[in-house]
Amino acid sequence: MRLKLRHLEVFNALFEAGSVSRAAARLNLSQPAVSVALRNLESELGFRLFHRDRGFFAPTNEALLLRDEVQQGITALARVEQRAGEIREGGLGSIIVATNGAMAYNLVPNVMAAFQRDHPDTFVELRVHSSRRVAAWVGSRQIDIGLIDAPVPAAGIEARLYQMACVVIMREDDPLAALEVITPADMAGRPCIAVTGDHQVDRQLAHLLAQAETRVQYRASSYFYAIARNLVAAGNGIAVIDPVNGHAPQGDGVVARPFHPVVVHDLAMITAKGQPMGIAAARFHARLSAALSEYALPDDAGKMTETSLRGAAAPSRT
């Protein structure tokens, strides 16, 4: 037996309207189309559904027994169509996003919240781990989207690169806060907080300080930019960190200033190579890309690459 939604709709319309003409008007069909659909349905079922009397249709006992099931079938199919539409629009589904610590505190959570206000039925899981682990998860297709430091050696992934100009953060009552731009000379002799001590940002800063023949006092190091900011807020020195965490409105008395020459934080948003994303994941990917582009240097926002992630990488814990 091969019933169709149109069969059930014709049955229901005839049951309620009592005539072919009124059923046809209700369904926006021609009267012959309604008659053909009814004949096909009765043929499939093997029994008559209506008594015909001078243009009026009265349900048979068999039709009365079938009515509730027909209505449930129509409702169920309507729910399927509605759910399919929600999935098509990216309103349903689940997404797994993983990031190293750099974007785990002040960027991804905000993107998640905004995304779920528009798509409240979409479940988003956020994982935080090292760049190497995140890249491995993406390469093995265990997660949808990853955010990592570049470069990280990995196979089977594609990436969008975002280069961000780092900022110097200090307490708002620090004398450096009066400057519009901070240079290596301005940092001379100041207590400073490193990022692991061997991060790409640390290495760039050390090179610039050496060129300027300037020394700072490294007082502490941290795994995450956000923790470095907490240390600055506690009065433990100054730090050079990414602009996302640097400019985050935390209300902690910390302010950020541009640094010159530029120290760059290289971030990559990665996905599995050759693996199409689901609708919900693709929409989240677009939201995340837009958020990252607000902080990226103009010429590098969203640059596509497959080879930039294959190289010797320093420990990545930011």
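Which side chains meet in a salt bridge at 2.4 Å, N to O? They are the side chains of aspartate 118 and arginine 287, where a salt bridge is a side-chain nitrogen of Lys or Arg within 4 Å of a carboxyl oxygen of Asp or Glu. This is a predicted model, in which local features need pLDDT of at least 70 and side-chain atom pairs count only at pLDDT 80 or more, while totals for chains, interfaces and linings use all residues. Residues are numbered from 1 along each chain as its sequence is written, and side-chain values use heavy atoms, with hydrogens and water left out.

**Chain and confidence**

- The chain has 10 helices and 13 strands; helices (H or I, at least four residues) and strands (E, at least two) are DSSP runs, numbered from the N terminus.
- Of its 318 residues, 45% count as buried, with buried meaning under 20% relative accessible area, exposed over 50%, and partly exposed in between (1.4 Å probe, protein chains only).
- Among contacts with a separation of 6 or more, 76% come from residues 24 or more positions apart; a contact means heavy atoms within 4.5 Å.
- The average pLDDT of the chain is 86, and 89% of the residues score at least 70; pLDDT is the predictor's confidence in each residue, from 0 to 100.
- Over residues 304-317 the pLDDT is below 50, and in the model this stretch has 43 contacts beyond near neighbours in sequence.
- Where pLDDT is low, the predicted coordinates should not be read in detail.

**Salt bridges**

- The structure holds 9 salt bridges.
- Arginine 26 forms a salt bridge with glutamate 16, with the closest N and O atoms 2.5 Å apart.
- Because arginine 26 belongs to helix H2 (residues 20-27) and glutamate 16 to helix H1 (residues 5-17), this pair ties together parts 10 residues apart in sequence.
- Arginine 26 is partly exposed at 47% relative accessibility, as is glutamate 16 at 42%.
- A network of salt bridges links Glu16, Arg26 and Arg67.
- Arginine 52 and glutamate 42 meet through their side chains in a salt bridge of 3.3 Å, N to O.
- Arginine 52 is in strand S1 (residues 50-53) and glutamate 42 in helix H3 (residues 31-45), 10 residues apart.
- Glutamate 42 is buried, with a relative accessible area of 12%, whereas arginine 52 is partly exposed at 37%.

**Helix H7 and its surroundings**

- Helix H7 (residues 200-211) has 12 residues and reaches 17 Å from its first C-alpha to its last, close to the expected 16 Å; the expected span is 1.5 Å times one less than the number of residues.
- The buried residues in H7 are Gln200, Val201, Asp202, Leu205, Leu208 and Leu209.
- Elements that cover these buried residues include strands S5 (145-149), S8 (191-195), S9 (217-222), S10 (238-241) and S12 (264-272), together with helix H8 (225-233).
- Glutamate 213, which follows H7, has a positive phi, near 55°.

**Aspartate 242**

- Aspartate 242 sits in the loop between S10 and helix H9 (243-247).
- Leaving aside neighbours within four places in sequence, aspartate 242 is in contact with Met103, Cys166, Val167, Tyr225 and His265.

**Asparagine 106**

- Asparagine 106 lies in the loop between strand S3 (92-99) and helix H5 (108-118), and counts as buried at 14% relative accessibility.
- The side chains of asparagine 106 and asparagine 245 are joined by a polar contact of 2.8 Å; a polar contact is a pair of N or O atoms within 3.5 Å, where within protein one must be able to donate a hydrogen and the other to accept it, and residues adjacent in sequence count only if both atoms are side-chain atoms.
- Apart from neighbours within four places in sequence, asparagine 106 is in contact with Val244, Asn245, Ala248 and Gln250.
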